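Colleague: Hi! Could you walk me through the charged pairs in this one?
Modeller: Happy to, here it is.

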Amino acid sequence: RSETLLHGGFVFIAPQGQRKEELGEPVGRPIEMITREAKRAGMDMEKIAIWTMGIMAEDKDSGSHNPNHSLKASLGRKTNINLGIPITLSELQSIAKQRGMEEGRKINIDEQIFEELAGLLPLSYSNKPKLQEDI
């Protein structure tokens with residue numbers, strides 16, 4: 001992964017790692033792990049940007065979004081993709097630090113990514129108030 005980043009490529013990460021009934025909390029810190037790996041490989045941290053995307057397949061019968069559809073079950077269904085605003089790693093770290101000061105605890109970048117994702121997913125799935133206005 002860090003080799004891909006070093007050569008200007010994209011790395012796609014599903015921070016939740018699996019389909020669940022709700023967004024939940026970050027487990028394993030995949031974003032933090034990849035950025036540490038890239039830093040060790042000599043990558044300039046100012047060149048790493050994160051672009052969050054909320055992707056939900058629509059349930060054929062009800063028109064609501066079902067996070068548990070498998071890829072095969074999602075074929076032929078309407079899929080909504082909500083794109084966040086690309087943000088540099090240093091900007092993300094600043095936002096997490098500021099939020100941590102406000103909440104009186106340390107916020108890691110994976111937790112902040114989940115906050116960004118919550119603003120891109122239906123409230124019924126994220127169980128968190130939206131941080132961004134719908135675009």
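Colleague: How far apart are E32 and R36 in helix α2?
Modeller: They sit four residues apart in helix α2, which spans residues 30-40, so about one helical turn separates them. Bear in mind that this is a predicted model.

Colleague: And what do their side chains form?
Modeller: A salt bridge: the N to O distance between E32 and R36 is 3.3 Å.

Colleague: Is E32 buried or exposed?
Modeller: E32 is buried, because its relative accessibility is 18% and the cut-off for buried is under 20%.

Colleague: Nice. Switching topic, how many salt bridges turn up in the whole structure?
Modeller: The search finds six. One of them joins R99 and E103, at 2.9 Å from N to O.

Colleague: Where do R99 and E103 lie?
Modeller: Both are in helix α4, residues 89-103, and they too are four residues apart, about one turn of the helix. R99 is buried at 14% relative accessibility, while E103 is partly exposed at 41%.

Colleague: Which other residue does E103 meet in a salt bridge?
Modeller: That would be R105, with 3.1 Å from N to O. R105 counts as partly exposed, with a relative accessibility of 38%.

Colleague: So which residues make up the network of salt bridges?
Modeller: R99, E103, R105, E111 and E115 are linked in it.

Colleague: And why do side chains like these pair at all?
Modeller: Side chains of opposite charge can pair when their charged atoms come close.

Methods: Residues are numbered from 1 along each chain as its sequence is written. This is a predicted model: local features need pLDDT of at least 70, side-chain atom pairs count only at pLDDT 80 or more; totals for chains, interfaces and linings use all residues. Side-chain values use heavy atoms; hydrogens and water are left out. A salt bridge is a side-chain nitrogen of Lys or Arg within 4 Å of a carboxyl oxygen of Asp or Glu. Helices (H or I, at least four residues) and strands (E, at least two) are DSSP runs, numbered from the N terminus. Buried means under 20% relative accessible area, exposed over 50%, partly exposed in between (1.4 Å probe, protein chains only).
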